[in-house]
Amino acid sequence: MPSTSMGDSSIDAGPFEAFFDGWIVRHENFVDELLRAQQSYDESWEDAIRGLISRVLAHLQEYYQEKSRMIQRDVFLVFSPPWFTALERTFFWIAGFRPQLAFSLVMRSVNDFTEDQSQRIQRLRHDVEMEAEMLAEELARVQESVAAPPVAELGKQVGRRVVNGGEIRHLDAMPPEQLRSKMENLLIDADSLRRRIVQEVVNILSPAQNMRFLGDAIQLHLRIRELGRQREAEAELLHQQQINGW
């Protein structure tokens with residue numbers, strides 16, 4: 001498995017950031033499509049709606065495929081990715097969305113569950129909570145076993161060097177290859193859980209319900225991202241004013 005040496009190699013996150021910028025544009029396009037479909041929905045269009053939902057899922061799958069390649073290059077950078085805003089990262093759990101967020105969204109977006117759907121959602125939620133707890137425990141064990149600082153802190157150290165365009169020469173606690181391998185596996189498992197949650201929720205919901213669920217999920221992400229960018233722009237402006245003595 002290819003990996004980046006954290007001792008004396010620079011990390012180039014540029015290709016992934018370029019992909020992510022384009023992916024966000026497609027993200028915005030999909031939410032527009034979903035909103036238009038909701039506004040003019042007719043049951044006779046169900047096949048077309050299923051096609052739209054399939055394209056949205058393929059779009060999400062594309063992100064995870066590219067992310068998995070970045071994980072292999074530098075898993076610690078992925079734990080505190082500079083391509084997300086600081087505000088977005090406050091919602092993270094093992095370098096991605098918290099599993100419970102999907103259930104909060106579906107409960108908010110869908111108000112016409114059948115009894116069978118409600119039961120299936122609750123069973124899935126229970127299974128996910130158990131799996132997420134095991135992953136969180138594994139993360140704690142890995143960090144404790146090597147007396148490592150929190151992985152997100154390692155990522156922040158790496159991320160600062162990437163943003164500044166410098167080489168990574170030293171980390172306060174140099175993680176061994178064993179730690180890198182375990183963290184890669186842990187993150188792959190966490191992303192697998194996230195992907196399964198979305199796919200299984202989509203399988204439970206009807207096309208009309210999925211339009212609302214996926215539309216709300218993408219809109220939430222974009223709103224958080226925009227707010228995070230605004231806050232960073234304001235902080236940068238304030239910093240420049242302080243430098244200039246304003």
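Student: Why does L35 count as partly exposed?

Tutor: The relative accessibility of L35 is 26%, so L35 counts as partly exposed; buried means under 20% relative accessible area, exposed over 50%, and partly exposed in between (1.4 Å probe, protein chains only). The model is predicted: local features need pLDDT of at least 70, side-chain atom pairs count only at pLDDT 80 or more, and totals for chains, interfaces and linings use all residues. Residues are numbered from 1 along each chain as its sequence is written, and side-chain values use heavy atoms, with hydrogens and water left out.

Student: Where is the place of L35, and how many residues separate L35 and M211 in sequence?

Tutor: L35 belongs to helix 1, where helices are DSSP runs of H or I with at least four residues, strands are runs of E with at least two, and both are numbered from the N terminus. In sequence L35 and M211 are 176 residues apart, yet their C-alpha atoms are 7.9 Å apart in space.

Student: How do you know that the span of helix 1 agrees with what 1.5 Å a residue should give?

Tutor: The expected span is 1.5 Å times one less than the number of residues. For the 26 residues of helix 1 that should give 38 Å, and the end C-alpha atoms are 38 Å apart, so the two agree. Buried positions of helix 1 are F16, F19, F20, W23, I24, H27, F30, V31, L34 and A37. An α-helix has 3.6 residues a turn, so residues three or four places apart point the same way.

Student: Against which helices do the buried residues of helix 1 pack?

Tutor: They pack against helix 2 and helix 9. Helix 2 has 28 residues and reaches 41 Å between its first and last C-alpha, close to the 40 Å expected. Its buried residues include I49, L52, Y63, Y64 and K67, and the buried residues of helix 2 pack against helix 1, helix 3 (75-79), helix 8 and helix 9.

Student: What makes the span of helix 6 agree with 1.5 Å a residue?

Tutor: Helix 6 (residues 115-145) has 31 residues and should span 45 Å; its end C-alpha atoms are 45 Å apart, so the span agrees. Among its buried residues are Q117, I121, L124, V128 and Q143.

Student: What pattern does the protein chain follow along the sequence?

Tutor: The pattern is α-α-α-α-α-α-α-α-α, with nine helices and zero strands. Of the 246 residues, 41% count as buried. With contact meaning heavy atoms within 4.5 Å, residues 24 or more positions apart account for 80% of the contacts with a separation of 6 or more.

Student: Which residues line the largest cavity, and what makes a set of points a cavity?

Tutor: On a 1 Å grid over the protein atoms alone, a cavity is a set of points where a 1.4 Å probe fits but cannot get out, and a pocket is an open set with protein on both sides within 12 Å along at least five of seven lines; lining residues have an atom within 4 Å of a point. The structure holds one cavity of 30 Å³ or more, lined by Y63, K67, V78, P81, W83, F84, F92 and A95.

Student: How much space lies in the largest pocket?

Tutor: The largest pocket holds about 710 Å³. It is lined by 32 residues, of which H27, L60, Y64, F97 and H221 are the closest to its centre. Helix 1, helix 2, helix 5, helix 8 and helix 9 each supply at least two residues of this lining.

Student: What is the mean pLDDT of the protein chain?

Tutor: The mean pLDDT, the predictor's confidence in each residue from 0 to 100, is 85, and 82% of residues reach 70 or more. Residues 1-9 are below 50, with 29 contacts in the model beyond near neighbours in sequence. Residues 158-175 are likewise below 50, with 34 such contacts. Where pLDDT is low, the predicted coordinates should not be read in detail.

Technical notes. Points joined across faces, edges and corners; volume = space filled by probe spheres on them.
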